[in-house]
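This report walks through one protein model.

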Amino acid sequence: TRVGYSGGSTPHPTYSDLGDHSETVQVDFDPGILRYGRLVEIFWESHDPTRPAWSRQYASILFVHSEAQEEEAQKSWSRVASTHGRPLVTRIRPYTGFTRAEDYHQKYYLRRDPFLMKAFRHLFPDEEAFADSTAAARVNGFLAGYGDPAVFNGREPLWGLSDEAWERLRKIAAGRFF
């Protein structure tokens, strides 16, 4: 995953000059492991699709990359709409491009932990590689309050993190730092 800007026509959007773009999260996935329909379910579960955005910057939009994705997204929109008492404001739009947000926006929660950032900088000294790292995305999500703490208590995945970094993650998972 990475964060950035999509949906507009303004060339080279930035956080301070979004133009007509919206803030977005770009997700890479392997459909052999995780089907697109499940990602769409997670999308609907992770926000209130009836709540209007303050501005275009925060609009709730599902960008689709193909006719098959659009068909599945539209079916899911109809299912979700049938369960709410208010109209959905979340829209489905064709993907027209993505501009990566500035480096300091990538993996926000992970960046707030200097010890873990040092461990990840050792593995990913390049900003783009860091932002594109699956391991960094998983730890960032965990630090934001998502994911299963048991992942950090079991067998260590082959992420290349030091024993000290794993110990810190285990302590956080056990609630010792929150």
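His12 counts as exposed because its relative accessibility is 71%; exposed means over 50% relative accessible area, buried under 20%, and partly exposed in between, with a 1.4 Å probe and protein chains only. This is a predicted model, in which local features need pLDDT of at least 70, side-chain atom pairs count only at pLDDT 80 or more, and totals for chains, interfaces and linings use all residues. Residues are numbered from 1 along each chain as its sequence is written, and side-chain values use heavy atoms, with hydrogens and water left out.

**Two loop residues**

His12 sits in the loop between β1 (2-6) and β2 (22-26). Helices (H or I, at least four residues) and strands (E, at least two) are DSSP runs, numbered from the N terminus. Lys107 belongs to the loop between β5 (98-100) and α3 (108-111). Lys107 is buried, at a relative accessible area of 5%.

**The open sheet**

Three strands form an open sheet in the order β2-β1-β5, with antiparallel pairing. Two strands pair if DSSP finds at least two bridges between them. β2 and β5 stand at the edges with a single partner strand each, so one side of each has no neighbour in the sheet. On average, neighbouring strands of this sheet are turned by 45° against each other, direction ignored. Here axes are lines fitted to C-alpha atoms, for helices over the stretch in contact, and angles run from 0 to 180 degrees between N-to-C directions. β1 and β2 run antiparallel and are joined by five bridges. Ser6 has Ser22 of β2 as its bridge partner.

**The parallel pair**

β3 pairs with β4 (residues 91-94) in the parallel sense, over four bridges. Phe63 stands opposite Arg93 in β4. From β3 the chain crosses through helix α2 (residues 67-81) to β4, a right-handed β-α-β crossover. Right-handed means that, with the strands pointing away from the viewer, the path from the first strand over the helix to the second runs clockwise.

**Tyr58**

What is the place of Tyr58? Tyr58 lies in the loop between α1 (36-45) and β3 (61-64). Its relative accessible area is 39%, so Tyr58 is partly exposed.
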